[in-house]
Structures are given as structure tokens and as C-alpha cells.
Amino acid sequence: MNPFDFQQPADVDAALAALAAPGARPIAGGTNLLDLMKENVMKPSGLVDINAIAGLDTIEEDGAGLRLGALARNADTAYHPLVQTRYPLLAAAILAGASPQLRNMATNGGNLLQRTRCVYFYDVGTPCNKREPGTGCPAKAGLNRQLAILGTSAQCIATHPSDMCVALRALDATVHVCAANGERAIPFADFHRLPGDTPDVDSTLQPGELITHISLPDAHRFAQRFDYVKVRDRLSYAFALVSVAAALDLAADGTVRAARIALGGVAHKPWRVEEAEELLVGRTAGETAFEQAAERILRGARGYGQNDFKIPLAKNAIVQALTNATRKGDPR
Amino acid sequence: MDAYRQYPIRLRINGQDRAFDVESTVTLLDLLRERAGLTGTKKGCDHGQCGACTVLLDGRRVNACLTLAVMQNGHDITTIEGLADGATLHPLQQAFIDHDAFQCGYCTPGQICSAAGLVAEGQAQTADDVRELMSGNLCRCGAYPQIAQAVCAVMGIAK
């Protein structure tokens with residue numbers, strides 16, 4: 001990897017000052033950034049190690065919701081009693097990702113900022129519009145089994161690789177960031193972006209901004225009937241071909257009061273279509289309704305050859321996740 | 001920027017305080033193997049995909065290839081060399097022998113450190129849990145059944 005300056009600031013203000021230097025980047029878990037640096041995909045001139053900043057690793061109640069510190073490790077988040085009991089969908093999604101070692105290292109903030117695993121993005125010997133804008137996208141006619149079917153552009157068909165983010169999208173999380181000139185809150189739907197003509201930009205986080213925490217609104221209605229279905233090439237420790245975070249709030253007679261459905265592995269950001277969730281409201285939970293919701297979610301999907309199978313796979317995975325969620329709340 | 005700047009760090013490795021001067025780019029794995037003389041920890045993929053470099057960092061299992069030595073200044077590291085109690089093997093080491101849980105042995109230090117982390121985490125209740133929570137450690141010889149048996153035996157989990 002390229003040489004770089006290393007700093008370990010003790011507080012947020014010092015970190016923001018260090019991050020103002022051109023080419024400086026924060027590092028927390030480092031599990032994705034160091035990997036990308038070894039491949040020369042990312043070449044920061046300075047790393048600002050934020051691990052020594054106190055107070056960013058807590059998980060605590062926030063009114064009826066929950067506040068997840070940016071530096072809390074993925075494993076500590078997934079196994080936290082408040083996450084396990086109130087946001088089991090989030091716990092399930094986190095534990096479906098990576099390995100125990102990586103979950104011990106990776107932070108909540110870093111999970112949001114991890115980059116695509118598209119093989120062309122990783123291989124500096126090939127063109128890639130995300131890595132080097134304007135050079136082209138060999139993935140569209142190449143190795144695209146893992147890549148996107150929704151929200152793609154002529155420039156890029158990369159996917160966001162996170163499992164955690166799929167659940168955060170379904171649960172209406174908010175990302176809280178700070179900068180030298182203040183703080184702001186970004187709705188999760190607006191945090192990640194579609195590639196469009198600037199696929200090099202993954203998120204709406206601005207240079208000089210640091211994620212401090214993620215907040216979750218009350219979601220007790222989705223803590224009983226939920227499922228995270230992850231379809232992948234291996235049983236464990238593999239990125240999703242398609243994943244679905246689903247949660248249902250059902251009346252006693254099986255009528256859907258509310259639904260949440262978000263997909264991973266299919267787009268440049270976690271994919272959620274609220275209109276499809278509305279289609280389910282007032283209807284009896286069951287395959288007919290679930291299939292119609294799935295078709296709405298997948299409207300406009302297109303394959304690029306190797307990933308054509310993801311369209312029917314995603315439909316089946318949505319129906320499966322909703323079916324599992326329906327059964328989960330039933331007495332055993 | 002001085003590309004060869006040396007950063008002074010102190011680590012507690014296997015119960016011993018050690019001091020090093022390292023470039024910012026040195027991973028914890030390379031420090032252990034090249035500077036600390038502890039070659040028990042293995043470099044497999046060097047990309048966090050195989051688990052051969054697993055060590056315990058402040059008691060938690062991590063991939064030593066995906067963290068920088070300078071980031072761990074002041075922290076406590078346990079490698080495979082630090083698990084035995086004198087001449088008495090760690091229960092996991094003995095179990096791996098008893099259950100023939102390796103063939104070539106290259107992944108073994110990482111498997112055993114990972115298993116030590118798994119035991120400390122206390123999340124595995126069943127043999128399926130053990131298999132899932134050991135999935136960050138690959139064994140190209142395919143000794144998975146025996147590895148899972150060894151870990152289950154130490155944890156008192158019925159196979």
C-alpha cells in the first residue's frame with residue numbers, strides 16, 4: 001500500500017481538524033479500507049484513526065428508539081440486548097454478514113461506508129467508472145453475477161454489499177454526522193445514492209464529515225414477525241446475491257397493518273419501494289399479496305447476462321421472507 | 001510526508017510488554033511475524049477472507065491482516081504461542097490433537113485462536129452455531145467435521 005501519515009486524535013474536534021487535510025480519511029475497523037489500500041484501489045495520504053475517541057461506541061435508548069454509536073462494533077451491536085429484543089431484524093441482518101472476526105472489528109459507521117465488491121472496482125488493471133471516472137464499465141458485458149438489477153446507470157452496475165444497511169433501511173434509520181460547521185441528520189433513504197453519472201460517489205456524506213451515530217425510531221410493531229433472507233453462493237461468509245429484510249405487523253385475523261421490505265445485493269443502495277408495502281396494507285398476508293408486492297418492488301429490473309437470474313430469485317426471496325415473517329409470530 | 005517515518009508503539013503480546021518502531025503501513029500480522037518473531041500466526045490470503053491470521057485482540061478474535069500495528073498501540077494481543085500454560089496445552093489445542101482436527105496444519109493456529117474467541121463470546125449453543133461461528137476460518141484440507149467436533153468437545157456441546 002502507499003505510505004501515509006497516521007494520527008490518532010482523542011476527540012471529535014481533533015479528528016475533524018485532521019480530516020480537513022487533503023487526502024485524509026478516517027479509519028475505524030479498517031476491514032474494508034485496508035483491503036482496498038493493499039490493492040491500491042484507495043490511496044489516502046493520511047489515516048485518521050478515530051478509535052480513541054470516547055463516547056462514539058455506545059448503544060443506548062433514545063426515547064422510544066435506539067442510538068447506535070458509529071464506533072460500536074457490528075458484533076456488539078447485533079448481540080446487544082436492546083437490539084436483540086427490539087430490533088431483531090437488525091441483529092439478524094448483521095449476523096448474516098461477514099465472519100465473527102470481521103464483525104468484531106467492523107464498526108457501524110464503517111459498515112455504511114464499505115465499498116462495492118465488484119471485481120473490476122478491485123482490479124486496478126481494468127477500467128472502472130467508480131474507481132476512475134470516465135474509463136468505462138467492463139462489468140456490464142463481463143463478470144456481473146454479483147451485480148445490480150435495479151437503479152443501474154450506463155456508467156455503473158455496482159451493488160452496495162452491506163447486510164446491516166438493508167435492515168437499517170427497512171427500519172427507517174437516520175444517520176447523524178458532524179463537521180467543522182455543525183451537525184446534520186440524514187434519512188437512511190438519502191444516505192446511499194444511485195450511481196447515475198457519478199458512480200465514484202457512494203453516499204451523500206460530504207468530505208470533512210464524520211458519522212457520529214445512527215438512530216432508530218421505535219419499531220416494536222416489527223419485532224415479532226420479521227425475517228432476513230440472504231441467498232448466496234455459500235451457506236455462510238459470502239456476499240448476498242439477493243437479500244431481503246422483511247417485517248410485518250398483522251392483525252389477529254391475518255390482515256396486514258403495516259409492512260417493511262428492503263432488498264440487498266440488487267442495487268447501488270439498499271432497495272426499498274414504500275408503494276409496494278402500501279399494497280399489502282389491509283390485505284390478508286399470503287402468497288398472492290406477497291407476489292404482487294414483489295412485482296412492484298422489481299418493476300424496471302433488468303439483468304446484464306450473468307445476473308439475469310437475480311430477477312426471479314429476488315421475487316422468490318421476497319415472497320419467502322414475507323412468508324417466514326408471517327409464520328414467525330405464530331405460536332409454536 | 002516522510003514515507004519511512006517510524007512510529008513508536010508498545011504492545012502486550014502473550015503477556016509480555018514489547019516495544020517496536022514501525023512504519024504506518026505495517027499490519028499487525030506482519031509485525032507479529034516479521035518483527036516479533038511469532039510465526040505461529042499465519043498469512044493465508046492477507047485480505048480477511050481465510051482467517052489464518054486470527055489472533056485475540058484484547059480477548060476478541062480479529063483478522064491480524066486487516067488492522068495496522070500502529071492502531072493497536074497499547075493493546076493486548078494473544079497469539080497461538082500464548083495459549084498454552086507452560087508445558088500444558090490449551091484445552092482447544094489438546095482437543096484438536098484428540099479429534100485429528102487438521103491435516104496440513106496451516107489454518108490451525110487461526111482455527112484455534114478463533115475457537116478461543118468463540119468460547120469467550122458465549123453465543124454458540126449448538127453444533128450448528130459452532131459451525132456458523134467458525135465460518136471465518138477456512139480449511140483447504142477440509143477438516144471441518146473434526147474441527148467442529150474438537151470445538152464442541154471443549155464447549156460441552158453434543159455433536
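Hi everyone, let me begin with how helix axes are handled: they are lines fitted to C-alpha atoms, for helices over the stretch in contact, with angles running from 0 to 180 degrees between N-to-C directions. What you see above is a predicted model, where local features need pLDDT of at least 70, side-chain atom pairs count only at pLDDT 80 or more, and totals for chains, interfaces and linings use all residues. Residues are numbered from 1 along each chain as its sequence is written, while chains are lettered from A and ligands numbered from 1 in the order in which they are written.

Let's start with two helices of chain A. The axes of α12(A), residues 287-297, and α13(A), residues 310-328, come within 9 Å and cross at roughly 135°. (Helices are DSSP runs of H or I, at least four residues, and strands are runs of E, at least two, numbered from the N terminus.) That makes the pair oblique, the class left over once angles under 35 degrees count as roughly parallel, over 145 as roughly antiparallel and 65 to 115 as roughly perpendicular. Among the residues making the contact are A:Phe290 and A:Ile297 of α12(A), and A:Ile318 and A:Leu322 of α13(A). Contact here is C-beta atoms, placed from the backbone, within 7 Å.

Now over to chain B. This chain has five helices and five strands, in the order β-β-α-β-β-β-α-α-α-α along the sequence. Buried residues account for 48% of its 159 residues. Its C-alpha atoms fill a box of roughly 55 × 30 × 30 Å along the principal axes. Of the chain B contacts between residues at least 6 apart in sequence, 56% join residues at least 24 apart.

Finally, where do the chains meet? On one side are 27 residues of chain B, in contact with 22 residues of chain A. In chain B, β4 (60-63), α3 (108-121) and α4 (127-133) each supply at least two residues to the side touching chain A, and β4(B) gives the most, with four.

Notes: A residue is buried if 20 or more other C-beta atoms lie within 10 Å of its own, exposed if 12 or fewer, and partly exposed in between; C-beta atoms are placed from the backbone. Two residues are in contact if their C-beta atoms, placed from the backbone, lie within 7 Å.
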